[in-house]
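Trainee: I have a new structure open and would like to go through it with you. Can we start with the overall picture and then move to the details?

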Amino acid sequence: MSAGRAGTPAHTSALGGGTVAGQRISRRGVLMGSAALFGATSIAGIGLSAAPAVAQIQRHPAVRAGYRFLNAAMDVHYPAYGTLRLPQSYSDEIGLYGTAYLYDAAVAALAYLAEGSPASVERARIIGESLRYAQDHDPAYRDGRLRQSYTVGPYARNGVVQANGFVQPDGLVNAGNVFDHSASYTGDQAWAGLALLALARRGLNPAFLTAAVRLGNWVAATCGTNQALGGYRAGVDRAGTTLTRTDTSHNAVLAAFFGQLATLTGDEIWLDRRTKAAAFVHRMWQADGGFYASGSDDGIVVGRFPVTTASQTSAVLGLAGSPRAANTAALDYVIAELTVTDTAERVNSALPVGVTVTGVTCSDRSRLVDPTVPVEPGLPTPDPDAVWLEGTAQLAAALLERAKPGDLDAATARLNTLAEAQATLGTDEKAGDKPLADGEGLVAATSPLHTGLGDTGYYPYRHVGTTAWYLLAVTGTNPLAIGGPAGWERR
């Protein structure tokens, strides 16, 4: 990825302590918008009816601004390159051009369904139809898998011109990009499957369920492992080689996906597959540290470190409603050990002068990286205190799911921080060379952020996945618990 400091003007408020266009998201507002997490099943967009309270939170200015960004990202290359399309994942400034990551498209579809209006449901349907099309029109495979990313619009790089959109003139999808992000990762398949199942629950097209079943069967056939720790491996690389790693977050999402497939198909094989994925997650619990390990590189030895935010939040969200739920103390680890505060005075910070943001980082290793070494070769050097805004939204959603005393207030504080970050950061950006309105959409991280997992990072540019997670959290939607506890019942 290409990235750098965000071109934001000076701002004098501390994020999370001021107002968003004069309106904060109230504690009561979040409670009203998160009714489904406290026993009701009225969250919009999941094939269920929307409560008036949900509609109220959806009209909040910060929420509407988030959806306007998703719309802009989805329409960057429309209608010039066809109706079938996925949202461009990042603003142009990051240098990924017209790249649409599968994960981002899936969580965007789920966020649209959480909003529930006819226009948003139609946008979610188009994303779902685009994923179905990609299954049947891949340049190399017809086995149900989807790719890590697709190119959805033209770009020129180093004298090479990529002139096509999502669907190429020969009818095949434009898989991958100039960076060859064309692998098929297990977690991405599960997220896409969850989006397709949410659409199927809407009754929009029975083919959505068929597509989700194909995804699940591909994961089961390709990524299952009989190694000591069990679970499902992380997917296949761009060359088609099955990876040896087994990932906690992937398996937590798979458990939710397989459970929903069991509910919608009535086929008990999905119950067995769900149990396999969930059992791996439970084996990753480290009682002496109070956290879930992020996985295993060989399926035999638990890799205790680095400890990631995603492993904790995914476990809590993904095993919600399970007879053996995740240990929710994992969220306390995130709060105690992975909370960071970024300020303009921090080394390599991209924040404007006077701005302070508190949230979570990606992993315990993110804070230990060398700030003189670029996150990725040729890219910016990391800020050890950069805030991962997507993870902050995931933590808010997980706190609302846990619903212990104090969790609602803690989640509300983080949602207000995210709302103010949206209003303040990521100005003067474009998508598809078209200006993006300031104050709409969230940047992925407040400053260049090293994940602590190899040479990868997040950057201070607007991002579909981060924005979609904020919208899911603020509407009280746990995208991994759609359908409620019934998804865990053995027939």
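This is a predicted model: local features need pLDDT of at least 70, side-chain atom pairs count only at pLDDT 80 or more; totals for chains, interfaces and linings use all residues.

Trainee: How many helices and strands does the protein have?
Mentor: The secondary structure comes to 14 helices and 16 strands.

Trainee: And how much of the protein is buried?
Mentor: Of its 491 residues, 60% count as buried.

Trainee: Let's go inside, then. How many residues are in the largest nonpolar core?
Mentor: That core has 119 residues. Those with the most contacts inside it are L86, I127, W191, F257, W469 and Y470.

Trainee: Which element gives the most to this core?
Mentor: Helix α4 does, with twelve residues. There is also a second, separate core of nine residues, which includes L96, V375, L379 and Y459.

Trainee: Back to I127. What does I127 touch?
Mentor: Leaving out residues up to four places away in sequence, I127 touches M74, R85, L86, P87, A105, A108, A109 and Y112. L86 is also among the residues with the most contacts inside the largest core.

Trainee: Is Y103 buried or exposed?
Mentor: Y103 has a relative accessibility of 17% and the cut-off for buried is under 20%, so Y103 counts as buried. W191 is buried as well, with a relative accessible area of 7%.

Trainee: Which rings form a cluster?
Mentor: Ring pairs link Y232, F257, F258 and W270 into a cluster. F257 is also one of the residues with the most contacts inside the largest core.

Trainee: Now the open spaces. How much space lies in the largest pocket?
Mentor: About 1,400 Å³. The pocket is lined by 44 residues, and the closest to its centre are Q148, Y185, H250, L453 and Y458.

Trainee: What classes do the lining residues fall into?
Mentor: They divide into 18 nonpolar, 16 polar and ten charged.

Trainee: Which elements supply at least two residues of that lining?
Mentor: The helices are α4 (102-115), α6 (186-201), α8 (248-265), α10 (309-318) and α12 (389-402), and the strand is β16 (457-458). Helix α10 gives the most, with five residues.

Trainee: Why is α10 largely enclosed by the rest of the structure?
Mentor: Nine of the ten residues of α10 are buried, so the helix is largely enclosed. T309, S311, Q312 and T313 are among the buried ones.

Trainee: Last topic: how many cavities of 30 Å³ or more are counted?
Mentor: Two. The second largest cavity holds about 30 Å³ of space.

Trainee: What lines the second largest cavity?
Mentor: The lining is Y141, R145, S182, A183, S184, V236, D237, R238, A239 and G240. By class, that is four nonpolar, three polar and three charged residues.

Conventions:
Residues are numbered from 1 along each chain as its sequence is written. Side-chain values use heavy atoms; hydrogens and water are left out. On a 1 Å grid over the protein atoms alone, a cavity is a set of points where a 1.4 Å probe fits but cannot get out, and a pocket is an open set with protein on both sides within 12 Å along at least five of seven lines; lining residues have an atom within 4 Å of a point. Grid points are joined across faces, edges and corners, and a volume is the space filled by probe spheres set on the points. Helices (H or I, at least four residues) and strands (E, at least two) are DSSP runs, numbered from the N terminus. Ala, Val, Leu, Ile, Met, Phe, Trp, Tyr, Cys and Pro count as nonpolar, Asp, Glu, Lys and Arg as charged, and the others, Gly among them, as polar. A nonpolar core is a set of buried Ala, Val, Leu, Ile, Met, Phe, Trp, Tyr and Cys residues joined through side-chain atoms within 4.5 Å. Buried means under 20% relative accessible area, exposed over 50%, partly exposed in between (1.4 Å probe, protein chains only). Contact means heavy atoms within 4.5 Å. Rings of Phe, Tyr and Trp (its six-membered ring) pair if their centres lie within 6.5 Å; planes under 30 degrees apart count as stacked, over 60 as edge-to-face and the rest as tilted.
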